[in-house]
Amino acid sequence: MTRRIMLVTHPSRPEVPGLAEAFEQRLAAHGISVEVVPEGDPTHEIVRTDRVVSPKSPVPPHVDATGCELVVVFGGDGTILRGAEIARPAGTPLLGVNMGRVGFLAEAERDDVDTIVERIVERDYHVEERMTLEVDVLHDGRPVAHNWALNEASVEKSARERMLEVAVEVDGRPLSTWGCDGVVMATPTGSTAYAFSGGGPVVWPDVEALLLVPISAHALFARPLVLGPRTHLAVEVVPHSYVAGVMWCDGRRTVELPPGARIEVRRSSVPVLLARLGHEPFADRLVAKFELPVTGWRGPGPAPVEDAPV
């Protein structure tokens, strides 16, 4: 039976076509077929349809990764999130190759393509589950949209000149009302993305938690919150708000939020599977991706010598 790999590439990086072609040829030499996903249009216009908005660089509807060993992505974090839209429904592991700047979700860099081919051929990788979010939008008590997120679901104001007024609910109880630029509800994977930019904490990927991070809130109590994995979150655009909102899932899929809209977020039972090539600690990834200074670190030192028996 022929082994299959699906390849998702960034549509506008000039170095990608050559790397993708070499990747295909090397895997073909080992009897592994590569199906290349058609490129999304990076200039794609956002088109509103009954409040639901089409994604940026949309995934063609006929793309199905069922039966593929891996979904491999050549691109930055945005392209990897596009790959996650393909990999998650099929339960296929996702392997990111960074062609961007930070590439926090990527497992390898562009110079590692030869090594990646070898590891795929030998099936020399392990798979890690990453928590995702289920997101429901309601208006006037009626479901408007259902979506999901690997990194975060963010509720944001749609007009620059005004604040968005939202009420936040945790497990069916009111927490606070804020005038703000927005609210981010994130997974541990998303703690280094939008939530991080908003001042939220970095959460290790193996921690089961949800994050809630207010963005530029005008309130005395507007601190980031770390909540349990079974927490049900809700954000309501208050009915008398003069500003409508917009919800983004992973910065790709969005829904318009008129005053009175309610966004409900909870942990999903369907994770994203990430293929990992190594077992390096998450702290090493933080240091590498954010170029953190570690000069002066001396380590734990030698183990203490036990006293000799008397």
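Modeller: Let us begin with strand E18, residues 245-249, which is mostly covered, since five of its five residues are buried. Here buried means a relative accessible area under 20%, exposed means over 50%, and partly exposed lies in between, using a 1.4 Å probe and protein chains only. Strands (E, at least two residues) and helices (H or I, at least four residues) are DSSP runs, numbered from the N terminus. Please keep in mind that this is a predicted model, in which local features need pLDDT of at least 70 and side-chain atom pairs count only at pLDDT 80 or more, while totals for chains, interfaces and linings use all residues. Residues are numbered from 1 along each chain as its sequence is written, and side-chain values use heavy atoms, with hydrogens and water left out.

The side chains of E18 can be sorted by direction: Gly245, Met247 and Cys249 point one way, Val246 and Trp248 point the other way, and all of them are buried.

In general, the strands of a sheet pair through backbone hydrogen bonds, either parallel or antiparallel.

The hairpin of E18 and E19 has three residues between the strands, and in it Asp250 takes a positive phi near 60°. Arg252 also lies in the loop between these two strands. Is Arg252 buried or exposed? Arg252 is buried, because its relative accessible area is 6%, and its side chain makes a polar contact with the side chain of Glu85 at 2.6 Å. A polar contact is a pair of N or O atoms within 3.5 Å; within protein, one atom must be able to donate a hydrogen and the other to accept it, and residues adjacent in sequence count only if both atoms are side-chain atoms.

For a comparison elsewhere in the model, look at strand E9, residues 133-139, which is also mostly covered, with seven of its seven residues buried. Leu133, Val135, Val137 and His139 point one way from E9, whereas Glu134, Asp136 and Leu138 point the other way, and all are buried.

E9 belongs to an open sheet of six strands with antiparallel pairing, in the order E10-E9-E20-E17-E12-E13. Its edge strands are E10 (142-149) and E13 (173-180), each of which pairs on one side only. Asp171, in the loop between strand E12 (164-170) and E13, has a positive phi of about 55° although it is not a glycine. Asp171 counts as partly exposed because its relative accessible area is 46%.

The structure holds one cavity of 30 Å³ or more, where a cavity is a set of points, on a 1 Å grid over the protein atoms alone, at which a 1.4 Å probe fits but cannot get out; lining residues have an atom within 4 Å of a point. The volume of the largest cavity is about 150 Å³, a volume being the space filled by probe spheres set on the points, which are joined across faces, edges and corners. The largest cavity is lined by 19 residues, of which Phe104, Leu105, Arg130, Leu274 and Arg285 lie nearest its centre. Strand E6 (94-98), strand E21 (272-276) and helix H5 (282-290) each supply at least two residues of that lining.

Conventions
Pairing = 2+ DSSP bridges. 1 Å grid on protein atoms, 1.4 Å probe; cavity = no way out; pocket = protein on both sides within 12 Å on 5 of 7 lines; lining within 4 Å.
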